[in-house]
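Dear colleague,

I am handing over a structure that you have not worked with before. Please have a look at it first, and then read on for what was found in it.

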Amino acid sequence: MNAQELRDKTPDQLRDDLANLKKEAFNLRFQQATGAIENPARLRTVRRDAARVKTILNEKAQAAAE
């Protein structure tokens with residue numbers, strides 16, 4: 001997921017993506033706690049993607065406020 005793809009989405013789509021990423025992060029944390037995680041690096045990428053979505057949402061909100 002890159003920033004340009006996210007900038008092309010609407011805020012509603014971004015919120016849906018963020019909710020899905022949070023669910024995935026929760027599931028990955030649960031797998032890590034039980035020792036069943038297959039790809040530990042995925043946890044890092046999901047966290048970063050969520051942060052990227054939040055950043056784009058804040059940029060869009062700031063642009064709308066101006």
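Contact here means heavy atoms within 4.5 Å, and in that sense D49 touches M1 and L21, when residues up to four places away in sequence are not counted. Please keep in mind throughout that this is a predicted model. D49 lies in helix α3, and because its relative accessibility is 11%, where under 20% means buried, D49 counts as buried.

As for the overall build, the protein has three helices and zero strands, and from the N terminus on its elements run α-α-α. The radius of gyration is 14 Å, which is well over the 11 Å that the globule rule gives for 66 residues, so the protein is more spread out than a compact globule. Taken along the principal axes, the C-alpha atoms fill a box of roughly 45 × 15 × 15 Å. Of the 66 residues in the protein, 21% are buried.

The pairing of two helices deserves a careful look. Helix α2 covers residues 11–34 and helix α3 covers residues 41–65, and their axes come within 9 Å of each other and cross at roughly 155 degrees. Since angles over 145 degrees count as roughly antiparallel, this makes α2 roughly antiparallel to α3. The crossing of these two helices, α2 and α3, is left-handed.

Which residues make the contact between α2 and α3? On the side of α2 they are P11, L14, R15, L18, L21, K22, E24, A25, L28, R29 and Q32, while on the side of α3 they are R42, L43, V46, D49, A50, V53, K54, I56, L57 and K60. Sorted by class, the contact of α2 with α3 has 12 nonpolar residues, one polar residue and eight charged residues. D49, the buried residue described above, is thus listed for α3 in this contact, and L21, which D49 touches, is listed for α2.

F26 has its place in helix α2, and at 48% relative accessibility F26 counts as partly exposed. F26 and Q4 are 22 residues apart in sequence, and their C-alpha atoms are 26 Å apart in space.

Definitions and conventions:
Residues are numbered from 1 along each chain as its sequence is written. This is a predicted model: local features need pLDDT of at least 70, side-chain atom pairs count only at pLDDT 80 or more; totals for chains, interfaces and linings use all residues. Side-chain values use heavy atoms; hydrogens and water are left out. Axes are lines fitted to C-alpha atoms, for helices over the stretch in contact, and angles run from 0 to 180 degrees between N-to-C directions. Helices (H or I, at least four residues) and strands (E, at least two) are DSSP runs, numbered from the N terminus. Angles under 35 degrees count as roughly parallel, over 145 as roughly antiparallel, 65 to 115 as roughly perpendicular and the rest as oblique. A crossing is left-handed if the near helix is turned anticlockwise from the far one by less than a right angle, and right-handed if clockwise. Ala, Val, Leu, Ile, Met, Phe, Trp, Tyr, Cys and Pro count as nonpolar, Asp, Glu, Lys and Arg as charged, and the others, Gly among them, as polar. The radius of gyration is taken over C-alpha atoms; the globule rule is 2.2 Å times the number of residues to the power 0.38. Buried means under 20% relative accessible area, exposed over 50%, partly exposed in between (1.4 Å probe, protein chains only).
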